[in-house]
Amino acid sequence: MNARLRFLAAILLVFVGANLAVGAPANQLAQPSLVWEQLTPLPDRAGTVGAFAGVSGGVLIVAGGVSGETNRHDTIAVLPTPKGEWISGFKLPQPTAHGVSVTMSDGVVCIGGGDGQSHFKDVFRLRWQNGQIVRDALPDLPRPIAFPAGALLGQTIYIAGGIEAPEDDEATKYFWALDLSKPNPRWEELEPWPGPGRMRATAAVQRGAFFLVGGLERSSGGESRTALHDAYRFAPGFGWKRVADLPHAIFAAATPAPSLGPAHFLIVGGESSMARATESETLIPPATVLAYNTIADVWLPWSEAPQIHFAASMVQWNGNNVIPGGLSRAGVAASEVWSFKPTSTRANFGWLNYTTLALYLAVMLGIGVSFTNKNKTTDDFFRGGRSIAWWVAGLSIFATMLSSITFMAIPAQSYGVGWNLYLGNSYLILTPLVVAIYLPFYRKLNVTSAYEYLERRFNTATRMVASTLFILFQIGRVAIVLYLPALALSTVSNLDVSVCILAMGLLGVLYTVMGGIKAVVWTDAAQAIILMVGAIWALVTVIARVDGGIGAVISTASEHGKFFAFVPWRLDYTIGAGWIIIFGSIFTNLFPYTASQDVVQRYLVTKDQKTAARAIWANAFISPFAQALFFAIGTALFVFYRQHPERLDPTIPLDGIFPQFIVRELPAGIAGILVAGIFAAAQSTLSSSLNSVATAYVTDFYRRIKRNPSDGSCLKMARWVTALVGVFGTVVALVLAKSDIRSLWEIFLAVIGLFGGTVSGLFVLGIFTRRATGSGALVGAIVSALTVLAVRQFTNAHFFTYGIIGVLTCVTVGWLASLLRPDPMRDLTGLTVHSMPRSDVIVRH
C-alpha cells in the first residue's frame, strides 16, 4: 500500500471510529461552588464592623472598626494562623472605622474612615515585623472620606465615592488614584464615573480594570437613601464604561470583591433593597453570592453563603478569601471570621472518548511505523529523499506552525478580546518574498540545514550561533508544547496531566525516531486534517447551541465589539495598535518562514523548487482560513456563554475555554476527536521540533566534530538526538506539572525566543547586501540581541515590536560594522540577490 492510500485509510479509520463511538451529549455537571470554613473568632466577642483588614508577613491583621452604634475601636489584632490564637495589645493612633484597606506586598494600606464625629484623610501602612506592628505614613487623601470603595490595581490604589463628613447630605463622586510605583507618589483626582455619587459601594479588580458596583445614593439631608444596582468599569488610559446592572441593588458587600479565575469576580454578602428605604427600615441581605463575568458582561447567581456578612473587608490569605467580622444581621456586629475558596468540577472524559483518542494515537503510530524501513540514509531521514508531495509538505508547514497552544489560545483571544490579532496574518505578504528570494537559495545551494547558508555567506561562527539559538529554543519549546495542553485538558476533565504528557510525548518521539521526516510530514498532514475537521465540527455545534443561530452570534458579537471595533489605530508602540500588529507580524513571522529550520526543512522535502513553492503557497492560503475558523470559534463561545453563563466554570484558565466546551458540551466520541485535535496540534509541533533539532545538530555540529563520519553513523546519531531531546522534553513537562518552576522555564523560552529577529536579520543582511562581512554580521547580531533584551526589560514596548527591532538593528549595525572593518574579498556568486543564478543548477562553494 503506497503512502497516499495509507494516509487516506488512516484518516477514514479515525473518523469512522469516532462516529461509531458517538454517545450521549453534554456532561451534566454541578455548578462550581464555595467551600466555607470558620476560623478563630475575633478576640472582641462583641464583634466589629467596618474594620481595616489585610495581610503582612503572612499574618492576618484586623484594625479598628465599630461595634454597636457608636463604640469605635482603636485596637489591632493579629492572627498568625487560621486556627491559631489572636495576638492583641496593638493600637491605632485613634479609633477608626469604615475606611478602605488593601493588601500590598509590603503591608496593609489603610485609607480614610472616621470616628463617628469626623472623617479622616489619613493614609498609612501597617506592617508585621519581628512580632510587632509597624506603622508607616503615606500621602494623605485630598479630602476626608468614609464609606468609600477602593481596590489595588497593579501598584495603584483607586478610591471611589464615600461621604466627606458625617453631616453631609449627599454621597460624593470623588475618584482618586495613588500610584505607589512612583518615587514620590501623590493622590491624583481622576474623572468620576458617569452615574450618581455613592457610598458603601463595592470595588473589584479584574483583567486590568477597576470596577465600581452598587452602593447607596444618599440624599434629602441624609434621611433617605437609594440602593443602587448600576456598575461601572474603569480601564486606565480608556476611562469609564457602564457595564451590566446587578440583578438587584446591593450595597455594603464585602470589599474589595474577590477575583475568581481569569475573568470573574464575586459579590459576597451586602444589603439589598429594590426601592427607596429610610434608615429605620430593615433591609434584607441577599442570600446568594453573585458572579460577574467581565468578558461576557453578565451576572449570575453562583453560590450560597452560610452566614451573610456585610460592611466588612475582604482579604486574601493563604489562598483563601477571608471576611473578618461585619454585620451578620441588621445592627448586630459579628465576631466570626469566615474563610472560603471556590471548588471546581471536572467532566468525566468517558470510555467512548478514550476509545476515540486511543484510535487516533494508534493510527499516528502506525503511520510512523510504516516508514521505518524507508530511511536508509540521512537524506531520507532529514529530507525524505526529496520525494514528498507538495500538498503534504504544505499541510506539514501549516501543522508545524499551528501548535496546540495556538489551538487553544486563538479561541481564548477571540473570546476575551476580539479579532485584533487576526490583523497579524502576514502570510500572503511574506509568501511572495519567500518563494521568490529565500526558496531559490535553499534549493540551489542544496542545503540540509538552513544555517549552512550563513557559513557560506559569512563564516563558521555565524552558522554555529544561529543554529545553537534555534536548537536551544526548540528543546525548551518541546516541554511547553506538551505541558500547556495537558494542563488545560486536566483542568476541565478527569484526564490526568501526566498521562496526557506521556501519551503525546512518548508516542510522538517513537514515530519520529522510526519514520524520520517522512513520518513527520505525513502525520502532520493527517493531524492537520483531523484538527481542521474537528474545529469546523465544533464551530457548527457552538452556533447550533446559540439561541438565534449565526445571526445572533454576529449581532451580539458586533454589539460588544468582538470583531475589530476596539482596535486602536494610533501610533503607540506600547499597545497592540493595528499598525503595530500588522507590521510587527511581518517581522515576527520572518523568522519561522525564512530562518527557522523546522519550517525551512519542509522547503527541501519536495522533488524540486516548483513543487516546494506550491507547498509554501498552500500554507499561505490555508493559514488565514484556519485562523479565521479559530477566531470564529472564540466569538461563538462568547455568545454561547453570554446566553448560558451557568454552563461556564469561572475557575478555569482562559485558555481552557475551548477545551471546556469540548469535554462538557460535545457528545462523547465527538469530544474525543476534538481532544485528538489538541493532541494532533501538540504532536505535529513536537515531531517537527525533534526532527529539525536532529537535522541541525548532525548537519551543523556532528559532521564537524567527528571528521568525515559515515552516513550510517550520522543516521544513527540523528535517531539518538531525536530520542534524547524528546525524552528530555517529556521529562521536563512532567516536572513542570508536578512543581512550581514553570515561570522560570517560560522566562528561559521568552529570552531565547527574543533572538528570532536577530537570526532573521542575519539572513536579511546576507541575502540583500554585498558589503556585509562575517565579523560585521556577528557584531550586528550581538547588538541586536542586547537591544531587544534591553527593550523588553526597560520599556513598555509591545511584544510585536521585538521582531522589528531585532531585524532592523541586526541589519543596520551589521552593515555599518562591515563598512568599518571589511573582510578580504570573497566570491559571493549565488549568495546574494545581486548574483542569484537564473537556472535551477546547484551552486557549490
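Which residue stands opposite V337 in β29? P324 does.

First, the ground rules. This is a predicted model, with residues numbered from 1 along each chain as its sequence is written; local features need pLDDT of at least 70, side-chain atom pairs count only at pLDDT 80 or more, and totals for chains, interfaces and linings use all residues. Side-chain values use heavy atoms, with hydrogens and water left out.

Now the overview. The protein chain has 20 helices and 29 strands. Those are DSSP runs numbered from the N terminus: helices are H or I with at least four residues, strands are E with at least two. The chain has 845 residues, and 61% of them count as buried. Buried is under 20% relative accessible area, exposed is over 50%, and partly exposed is in between, using a 1.4 Å probe and protein chains only. Next, contacts, meaning heavy atoms within 4.5 Å. Take those between residues at least 6 apart in sequence: 71% join residues at least 24 apart.

Back to β29. For pairing, DSSP must find at least two bridges between the strands. W36 has F340 as its bridge partner in β29. Strand β26, residues 320-324, also pairs with β29 in the antiparallel sense, over 4 bridges. That is where P324 faces V337.

Next, strand β3, residues 59-63. How many of its residues are buried? It is 5 of 5, so mostly covered by our definition of buried. V59, I61 and A63 point one way, L60 and V62 the other way, and all are buried. β3 has antiparallel neighbours. With β2 there are 5 bridges, and A53 has V62 as its bridge partner in β3. The β2 and β3 hairpin has 2 residues between the strands, and G57 there takes a positive phi near 60°.

On to the rings. A pair of aromatic rings is described by the distance of the centres and the angle of the planes. Here, rings of Phe, Tyr and Trp (its six-membered ring) pair if their centres lie within 6.5 Å; planes under 30 degrees apart are stacked, over 60 edge-to-face, the rest tilted. The whole structure gives 40 aromatic pairs. One of them is F52 with F124, edge-to-face, at 6.1 Å centre to centre and 85° between the planes. This pair links distant parts of the chain: F52 sits in β2, residues 52-56, and F124 in β10, residues 123-129, which puts them 72 residues apart. Both F52 and F124 are buried.

A second example is F441 with Y453. The centres are 5.7 Å apart and the planes at 65°, so this pair is edge-to-face too. F441 lies in helix α6, residues 427-444, and Y453 in helix α7, residues 452-457, so the pair ties together parts 12 residues apart in sequence. F441 is at 4% relative accessibility, so it counts as buried. Y453 is buried as well, with a relative accessible area of 1%.

There is also a ring cluster. Ring pairs link Y158, F175, W193, F210, F234 and W240.

Charges over rings come next. The cut-off: NZ of Lys or CZ of Arg within 6 Å of the ring centre and within 35 degrees of the ring normal. F124 returns here, with the charged end of R135 over its ring, 4.4 Å from the centre. The charged end of K562 sits over the ring of F638, 4.8 Å from its centre.

Back to helix α6, for T431. Is T431 buried or exposed? It is buried, with a relative accessible area of 5%. A polar atom of its side chain lies 2.6 Å from the backbone oxygen of Y427. Leaving aside neighbours within four places in sequence, T431 is in contact with I616, W617 and A620.

Last, cysteines. A disulfide is a covalent bond between the sulfur atoms of two cysteines. The cut-off is a pair of cysteine sulfur atoms within 2.5 Å. How many disulfides does a search of the whole structure find? It finds 0. C714 is buried, at a relative accessible area of 0%. C810 is at 0% relative accessibility, so it also counts as buried.

Terms used. Polar contact = N/O pair within 3.5 Å; in protein donor to acceptor, adjacent residues only side chain to side chain.
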